[in-house]
Amino acid sequence: MPTTPQGWAIRLTQILSLHMAAHGLPRFPVDVAALAQDFSRQVFPDAPISMVGGLNLSKGVEGMLMPRPDGSGEWGIIYNGSIRSAGRRNFTLAHELGHYLLHRQDHPGGLQCTNRNMADWDGARNRIEAEANTFASYLLMPLDDFRAQIKGRAIDIDVMTELADRYAVSLTAATLKWMTITDKRAMIVVGKEGFIDWAWSSQPLLRSGIFYAARQTVIELPPGSLAAREVDGDTGRYGERHEPGVWLGNEPVHEMTVFSPSNEMMTISLLIYPDRAPFRWEAVELEEEPPQDTFERFMAGKAGG
Amino acid sequence: MKRHRQEKGYSLDKLAELTDSSKSYIWELENRDIRKPSGEKLTRIAQALEVTTDYLLDDTAEPGDEVLREAFFRKFSKLKPEDQEKIQQMIDMWGKKD
């Protein structure tokens, strides 16, 4: 049996690919509710997932994995059916299935997940939540297919929306997936009521020291950003090329933003930085501001600049 | 806290102004669970929102990360009563099945 989130996702991906092809069914999106019940029945007949159900629960509760109280050894998944986004529901189901495969032995009493846990992609903060998210990401968006979809295309919000539809995941989940595999210098910034709720830099951008530590410090969205301005939806999606200084770093940044007015003024911004970080000597010639080293830039970012 | 602020029609700016706080501080209190406000601050916010300080403190006690390491049924009580009831009904139906 696999022991890692990726290992489990790959195993299920192989089974799904064979099964869907054999029955002439579309491979995507993954029907997680059916998969969870069929797979667990076959592989763990003593501990199957015998119930997947939606309830209209309060905001903040995403889903839960629980043992059947009669001691039969069966498991159930309840998800918050009042969440309108099919993508978020699907991700929640996959997240709970991840807990079932990876964590049920260590947590015989079950697991209850809030939206805060599920935004947690930071392994250090909460390992098991990160593992469940990784599993969900790989199950719903297998790497081979994801790479094939984006090959040779310039990434923008429309491409990400198309992928979110293909896999029935949220725009955020699709964008984060891209963030983990891209060689571009890019960042996703999720804003809430004018502040940065959380942000995530791709590895290449992280290497040039550009990231927001928004979970540690309260940082306002830059006033010049599309996210902070009340631009119309088309302007946001098409995006805008900012001069250096609007977002972190002494570089121009292309920002594309989606506004989600139904969701307490949430914004999702995709920032694309130039492929190559400026060298210091270039910065001296090109910028009016004196060059800063990475550490200073990092500190400026932390302070909210 | 956010719900009461919105019911009163206050923006982040407005509540910050009423309680002599910064906007970012109000946002942090609403969206993060790490900072603990001082007694004086808490009183001013409670006054502005016309609720008691006890209520404010209790209302912020939503499930934290520790929930994850606890057995589901022990932490069941942390969920709002209306959620508990719905979940209990579903569990009851599940229990009766086959």
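Which residue of chain A does the side chain of B:Lys23 meet in a salt bridge? In this predicted model, the partner is A:Glu220, with 3.8 Å between N and O. The contact crosses between chains: B:Lys23 belongs to helix α3 (residues 23-31) of chain B, while A:Glu220 sits in the loop between α9 (203-207) and α10 of chain A. Both ends are partly exposed, B:Lys23 with a relative accessible area of 25% and A:Glu220 with 44%. Elsewhere, salt bridges with shared partners link A:Glu193, B:Lys2, B:Arg5 and B:Glu30 into one network.

These contacts can be set beside the overall tally, as a search of the whole structure, over all chains, finds 20 salt bridges. One of them is formed by A:Glu62 and A:Arg88, whose closest N and O atoms are 2.7 Å apart. Here A:Glu62 is part of strand β2 (residues 61-67) and A:Arg88 part of helix α3 (residues 86-103), both in chain A, so the pair ties together parts that lie 26 residues apart in sequence. A:Glu62 counts as buried, at 5% relative accessibility, whereas A:Arg88 is partly exposed, at 30%.

A further pair in chain A is worth a look. The side chains of A:Arg237 and A:Asp158 meet in a salt bridge with an N to O distance of 3.0 Å. Because A:Arg237 lies in helix α10 (residues 233-238) and A:Asp158 in helix α7 (residues 157-167), this pair ties together parts of chain A that are 79 residues apart in sequence. A:Arg237 is partly exposed, with a relative accessible area of 30%, and A:Asp158 is also partly exposed, with 46%.

Definitions and conventions: Residues numbered from 1 in each chain as written. Chains lettered and ligands numbered in written order. Predicted model: local features only at pLDDT ≥ 70, side-chain atom pairs only at ≥ 80, totals over all residues. Heavy atoms only, no water. Salt bridge = Lys/Arg side-chain N within 4 Å of Asp/Glu carboxyl O. Helix = DSSP H or I, 4+ residues; strand = E, 2+ residues; numbered from the N terminus. Buried < 20%, exposed > 50% of the residue type's maximum accessible area, 1.4 Å probe, protein only.
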